[in-house]
Amino acid sequence: MCDDDYATSRRDFLKLMSLVTGSSMLATQSLSAASQAESTLNKRVRIGYLPITDATPLLVAYQKQYFQQQGLQVDPPKMFRSWAQLVEAFLSGSINVIHVLSPMAVWARFSSQFPAKIVAWNHVGGSALTVARHIQSLKQLGGTQVAIPFWYSIHNVVLQEMLRHAGLNVVTRPQGTLAADEVGIIVLPPSDMPPALLSRQISGYLVAEPFNAIAEHLKIGKILRFTGDVWKKHACCVVFMHEKDLQQQAEWSQKVVHSIVQAQLWCRNHRAETAQLMSREHKPRLMPHIHAVVAQVINPSQQQWQGYIANGVVKHAAWQDHRIDFQPYPFESYTVELIKRMRHTQVEGKTGFLNQLDPTQAAKALVDERFVKQAILKLGGMQAFGLADSFQRQEVIQL
C-alpha cells in the first residue's frame, strides 16, 4: 500500500458522498423516466453487486433461475469494483436490486432522503478481523493502522467497539506516528487489504469475506475474531431496492424478494454446492475467487471450526454460529441498535443527521418488511431458517 492507495480510497468515498448527498431529486427523475419505459410485465431484474460473499443470495437466485421461475425477466448480474460505482448505477436506475452495507443504507436514506428501502437482509455474519500473524490480541494493534472497506459499515462499528473495549483510542485520519494506545483506521478496497497486510503497511483489516480467508489461504495473516461472534447474527449487507418500485410495482417486488429469500434457504441447506456456484471455476464466473477460498467461508470443515474455538477466535461457541449464514428477516431491534451505535462511531463526513433520528421511527421508515415476511411464511416460516417462530428478537453483543 502507498499514499496513492489511501488517496484513491478517500476520493472514492467523497465521490459516493457527492452522489448520495442532494441526489434525491435526481434519483426521482431518473426512476420516473425508467418507469415510463417499463411496465410490470416487461420490467427486468437488474442486479448489481460487489465481488464479496455478501452477494451470495443474489447470485444464487440468478444461477438457480429463481427469478425466472417467478415469471421475471432478469439480466446477468453486473459486478462493480467499488461502492461508489454500485450506488451510482443504482441511483441512475440502470440497476434496481443491490446489496449494500447496513450502515450505508442508514446513511443513504437519512442523510439525503435517498428514495430506497431495505427489503431484506442479504446474509448474517460473513466478516472478520484479520491481523498479521504475530498479533495475539487487540492490545497489540496499538500504534498501528487497521483497514476497513467503508466508513459507514458494520466493520467500522464493530471494530471501534472492540478497540474501545480493549482500552485503545481510534484515530480516523492517522498522520505521523501513532501513540501506543492509538489505532489509525483507514479505508481501503478489500482487494488491496491482503497486499497491504503482507507489506506491513497495516497490521490488520476488518472486512467481508472472502478476503479474510484469502489471508489464511496465503498464510499472510490470521483471524483474530469473527464479527458474528461479537454481535450475534448481525446483518452485514442488506437488499436495497427503489422505493418507487416497492410502491408502484408491488407484485414485481414481491416476486423479486421471494426469489432472494428462496435462494437464502437453498444456500443454508446446500453449502457445498453454494461454494461451487460462488467460485471462479464455475461458469458463468460471477466471482473472481477460487473454490478453495470460498469453500473455507461458506462450508468450513468441522475440524477448522473447532480450531477457531480452541484458539479463542470463537468465544461464543454456544451461539452455534456459522462463518457466514443466510437469514433474510430484517429485525427492527437490529436497526434500532445499529443507529444507536453509529452515533458513537467515528467516520469521515458529517454525522449530525444520526442525532436527529428517533431510532425506532427511523427503523420503521428505512425497512419495508412486507415482501420478505410473506416470502418467509410461504417458504416454511422462521423455523426454516433455524430461528424461533417470531419476528422479534433481542440483540446480543458481547465483546
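Author: What follows is a short exchange on the composition and strand pairing of this predicted model.

Reader: To begin, how many helices and strands are there in the protein?
Author: The protein has 18 helices and 15 strands.

Reader: What share of the residues is buried?
Author: Of the 399 residues in the protein, 59% are buried.

Reader: Turning to the sheets, in which order do the 5 strands of the open sheet lie?
Author: The order is β4-β2-β5-β14-β6, with mixed pairing.

Reader: Which strands stand at the edges, and why?
Author: These are β4 (78–79) and β6 (116–121); each has a single partner strand, so one side of each lacks a neighbour in the sheet.

Reader: And in which sense do β5 and β14 pair, parallel or antiparallel?
Author: β5 (residues 97–101) and β14 (residues 237–242) are antiparallel and share 5 bridges. Within this pair, His-99 has Val-239 of β14 as its bridge partner.

Reader: How many bridges does β9 form with β11?
Author: Strand β9 (residues 144–148) pairs with β11 (residues 182–187) over 5 bridges, in the parallel sense.

Reader: Finally, how much of the contact set with a separation of 6 or more involves residues 24 or more positions apart?
Author: Such residues account for 80% of those contacts in the protein.

Note on methods: Residues numbered from 1 in each chain as written. Predicted model: local features only at pLDDT ≥ 70, side-chain atom pairs only at ≥ 80, totals over all residues. Heavy atoms only, no water. Helix = DSSP H or I, 4+ residues; strand = E, 2+ residues; numbered from the N terminus. Buried < 20%, exposed > 50% of the residue type's maximum accessible area, 1.4 Å probe, protein only. Contact = heavy atoms within 4.5 Å. Pairing = 2+ DSSP bridges.
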